[in-house]
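The structure under discussion is shown below.

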Amino acid sequence: MEPTKTIQEVEADIIENFSMFDQWLDKYEYLIELGKNLDAFPEEAKTEENLIKGCQSRVWLDAKASDGRIWFKADSDAIITKGIISLLISVYNGRTPAEILASDFSFIEKIGLRENLSPTRANGLVSMIETIRKRAAENNN
Amino acid sequence: MNVAEIRNQFPILAEKLPGGQDLVYLDNAATSQRPKRVLDKYLQLSLKTNANIHRAVHYLAAEATDQYESAREAVREFIGAASTKEIIFTSGTTASINTVAYSYGKAFVGRGDNIIVSQAEHHSNIVPWQLLAERTGAEVRALPVDDDGQLRIDLLPRLIDKNTRLVAVCHISNVLGLVNPVKEITRIAHERGVHVLIDGAQGIVHEAVAVKDIDCDFYVFSGHKMYAVPFTGVLYGKQDLLEEMPPFLGGGEMIASVSLEDGTTFAPLPGKFEAGTQNLAGTPTLIEAINTCKQFRDKEIVDYQQRLTDYVLNALQADDRITLYGVPRGNVAKVPLFSFSVKGAHHEDLALILDKMGIAVRSGQMCAEPIMDRFGVTGMVRASFAPYNTLEEAEYFIKCLDRAIKMLS
């Protein structure tokens, strides 16, 4: 289903949700909940091709383009990463390539999860964002 | 000497984290913190006696050379080597092993030969041998560990054959934290005419190393895990072997004479293996790092660390949600380095939550994929303690770990 809100509107909602947490503990508990509730990832899509391997968590990302929009499904073996994946999907799923490329992914930083995205964390999340952008660029005509 | 006095020597331990918590640093097996005396030494050398060594006749060069060579003597004495000719300075354990893999390989390893490593090696004690095997057509074999993480040295005599040249094993695995019977391993290998390299990156930190007693042919370690600054490392090798090995890197002070017509002859040991400008201000910090290590052999400190080790070991083993890798048994000792996994909780999640509680642990594959595969996991969490860690920190870690597991399950 095509998203009804713009990327900016969804990001603003997320930032507002997170502003309610003044404790990191609540924030992480919320992410863990999001992670647990993420739509199931089809087992057959857990291919080597879709696997983003990190020293820490593994991330699977399946991206399909149809009707000028890109549809993402993703999964991780780590639950906090999965929670962040859930946020990314809620923002970017079903967007046009142009919308994705115009976005700067800065909401992650605004909700205080920048440290989870640091390349030094060597997790699949950084690569996931790169892959989302790459898929958007490939389908941007 | 008590733990509070030790902590005062390490300035970073007084720092607060951005969240306002005290730093609980349990990633010592990755790199240790550095005491003030090491940092002062580095600064003094940079401020007062910076010059390139072994080259010029001026005052500063002589002073810098003295400091550098004093470090060599300090290391020789610390590990009980016969001569300073046997002490080669490198940038660290990885560089030391690569030097041996290249130079020893050139002199002693050919097609059809084999090198034996253990299943519990750091990648730095695997990949250089694989590269050597690729270059020469040799083979790398692995000595397995059992379910407790103990080396199956009973299998070593069968693994060694007439084509085995070298056994390269760790003194203490960076994942398992068990003290391997390196003297026994060396005896088994030597009886069969096979050389031995011991990766002492973790061993030098926790054990009193006497290379003549172990009788190993090479013992290698890094300064940065034993309180010296990074990019300091040691390659100990028996003199007769080092003499037979060709140089690894060329250039700088490793030559005796260079001629475009007649070729180059090389400097005597240890210079032959020290090409290029050395770590002028860094290497001499090994002197103060060694003094720190010696200080930590104080009985009160050793007893305290043993209490801490016993406490963490018991707490982790008593928790049936936790699987500990590297279980002490018989006379195989465990150092305060604990790798574990938790059923239903991912290592990255545990490390992220512990980080938020102010606790620095390592998580992931720890540069040792083969041992991860051996235990069928994609990663582990590792808490590694130093003598400046307190029992209170250990208790806080166990409490926070429990909380993190509950959050995730």
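## Packing of H3 and H11 in chain B

In chain B, the axes of helix H3 (residues 59-79) and H11(B) come within 8 Å and cross at roughly 30 degrees. Axes here are lines fitted to C-alpha atoms, for helices over the stretch in contact, and angles run from 0 to 180 degrees between N-to-C directions. H3(B) and H11(B) are therefore roughly parallel to each other; angles under 35 degrees count as roughly parallel, over 145 as roughly antiparallel, 65 to 115 as roughly perpendicular and the rest as oblique. The crossing of H3(B) and H11(B) is left-handed, a term used if the near helix is turned anticlockwise from the far one by less than a right angle, with right-handed used if clockwise.

On the H3(B) side, B:Ser70, B:Ala71, B:Ala74, B:Val75 and B:Phe78 meet B:Leu286, B:Ile287 and B:Ile290 of H11(B). Two residues are in contact if their C-beta atoms, placed from the backbone, lie within 7 Å. The contact of H3(B) with H11(B) has seven nonpolar, one polar and no charged residues. Ala, Val, Leu, Ile, Met, Phe, Trp, Tyr, Cys and Pro count as nonpolar, Asp, Glu, Lys and Arg as charged, and the others, Gly among them, as polar.

## Basis of the model

This is a predicted model, in which local features need pLDDT of at least 70 and side-chain atom pairs count only at pLDDT 80 or more, while totals for chains, interfaces and linings use all residues. Residues are numbered from 1 along each chain as its sequence is written, and chains are lettered from A and ligands numbered from 1 in the order in which they are written. Helices (H or I, at least four residues) and strands (E, at least two) are DSSP runs, numbered from the N terminus.

## Packing of H4 and H5 in chain B

Helix H4 (residues 93-108) and helix H5 (residues 127-136) of chain B have axes that come within 9 Å and cross at roughly 25 degrees. That angle makes H4(B) roughly parallel to H5(B). The crossing of H4(B) and H5(B) is right-handed.

From H4(B), B:Ile97, B:Asn98, B:Ala101 and B:Gly105 meet residues of H5(B) including B:Trp129 and B:Leu132. The contact of H4(B) with H5(B) divides into six nonpolar, three polar and no charged residues.

## Domains of chain B

An automatic or database assignment gives chain B domain 1 (3-30 + 298-408) and domain 2 (40-292). Their C-alpha centres lie 28 Å apart. In the contact, 21 residues of domain 1 of chain B meet 20 residues of domain 2 of chain B. Strand S12 (337-342), helix H14 (369-374) and strand S15 (380-384) of chain B each give two or more residues to the domain 1 side. That side has 15 nonpolar, two polar and four charged residues.

B:Arg297 is found in the loop between helix H11 (285-295) and helix H12 (299-318) of chain B. B:Arg297 counts as exposed, with 10 C-beta neighbours inside 10 Å; a residue is buried at 20 or more such neighbours, exposed at 12 or fewer, and partly exposed in between. Leaving out residues up to four places away in sequence, B:Arg297 touches B:Ala208 and B:Val302.

## Contact between the chains

Chain A contributes 14 residues and chain B 13 residues to the contact. H2(A) gives the most to the chain A side, with four residues. By class, the chain A side has seven nonpolar, four polar and three charged residues.
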